Amino acid sequence: MLQSNPRVFLFLQGPSSPLFEILAEGLVARGHRVRRINLCFGDRLFWRKRPATNYAGTLEQWPEFIRSVLVGEKVTDVIFLGDRRPHHIAAADAARALGVRVFVVELGYL
């Protein structure tokens, strides 16, 4: 089932499992676009089938970087594991300021 209004989902750090990759496959199959930013080596282990950006900047540079990605990629939704990680706090703040939906999973649950 293809969506008439495709969304753009940005995945950040996720659980140590293939959950995010499986979710991304389902979203793409429904006509949405997905993007990924890896923040650490562990992120790359569970995201192998699709391209990703490996962030190598500092935490201080992250807010401007994530804002530019959200705007440039026309992101509609951000998904990540845990809402207290410093990168995720900044990403959620930037997303909400731009009207982007924020989804947080904890141990695999939305």
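Is Leu107 buried or exposed? I looked this up before anything else. Leu107 counts as exposed, at 78% relative accessibility. For this call, buried means under 20% relative accessible area, exposed over 50%, and partly exposed in between, with a 1.4 Å probe and protein chains only. Leu107 sits in the segment after β5 (101-105). I also checked its distance to Arg7, 100 residues away along the chain: the two C-alpha atoms are 24 Å apart.

Notes on the model. This is a predicted model, in which local features need pLDDT of at least 70, side-chain atom pairs count only at pLDDT 80 or more, and totals for chains, interfaces and linings use all residues. Residues are numbered from 1 along each chain as its sequence is written, and side-chain values use heavy atoms, with hydrogens and water left out. Helices (H or I, at least four residues) and strands (E, at least two) are DSSP runs numbered from the N terminus.

Entry: aromatic rings. I paired rings of Phe, Tyr and Trp (its six-membered ring) when their centres lie within 6.5 Å; planes under 30 degrees apart are stacked, over 60 edge-to-face, the rest tilted. The count is 5 aromatic pairs. One of them is Tyr55 with Trp62, edge-to-face, at 4.9 Å centre to centre and 70 degrees between the planes. Trp62 also pairs with Phe65; that pair is tilted, at 5.7 Å and 35 degrees. Trp62 and Phe65 are 3 residues apart in helix α3 (residues 62-72), so about one helical turn separates them. Tyr55 is buried at 13% relative accessibility. Trp62 is buried at 0%. Phe65 is partly exposed at 25%. Elsewhere, I found Phe11, Phe20 and Trp47 in one aromatic cluster.

Entry: α3 against α4. Helix α4 covers residues 86-97, and α3 packs on it at an angle of about 45 degrees, with the axes 9 Å apart. Axes are lines fitted to C-alpha atoms, for helices over the stretch in contact, and angles run from 0 to 180 degrees between N-to-C directions. The two helices are therefore oblique to each other. Under 35 degrees would be roughly parallel, over 145 roughly antiparallel, 65 to 115 roughly perpendicular; the rest is oblique. Which residues meet in this contact? From α3 I listed Trp62, Pro63, Ile66 and Leu70; from α4, His87, Ala90, Ala91, Ala94 and Ala95. Contact means heavy atoms within 4.5 Å. By class, the contact has 8 nonpolar, 1 polar and no charged residues. Here Ala, Val, Leu, Ile, Met, Phe, Trp, Tyr, Cys and Pro count as nonpolar, Asp, Glu, Lys and Arg as charged, and the others, Gly among them, as polar.

Entry: His87. I found His87 in helix α4. His87 is buried, at 19% relative accessible area. Leaving out residues up to four places away in sequence, His87 touches Leu39, Tyr55, Leu59 and Trp62.

Entry: helix α1. In α1 (residues 19-29), I noted Phe20, Glu21, Ala24, Gly26 and Leu27 as buried. Their cover includes β1 (8-11), β2 (33-38), β4 and β5. Gly31 follows α1 and has a positive phi, near 95 degrees.

Entry: Lys74. Most residues other than glycine have a negative phi. Lys74 has a positive one, near 55 degrees. I placed Lys74 in the loop between α3 and β4 (77-81). Lys74 is exposed, at 63% relative accessibility.
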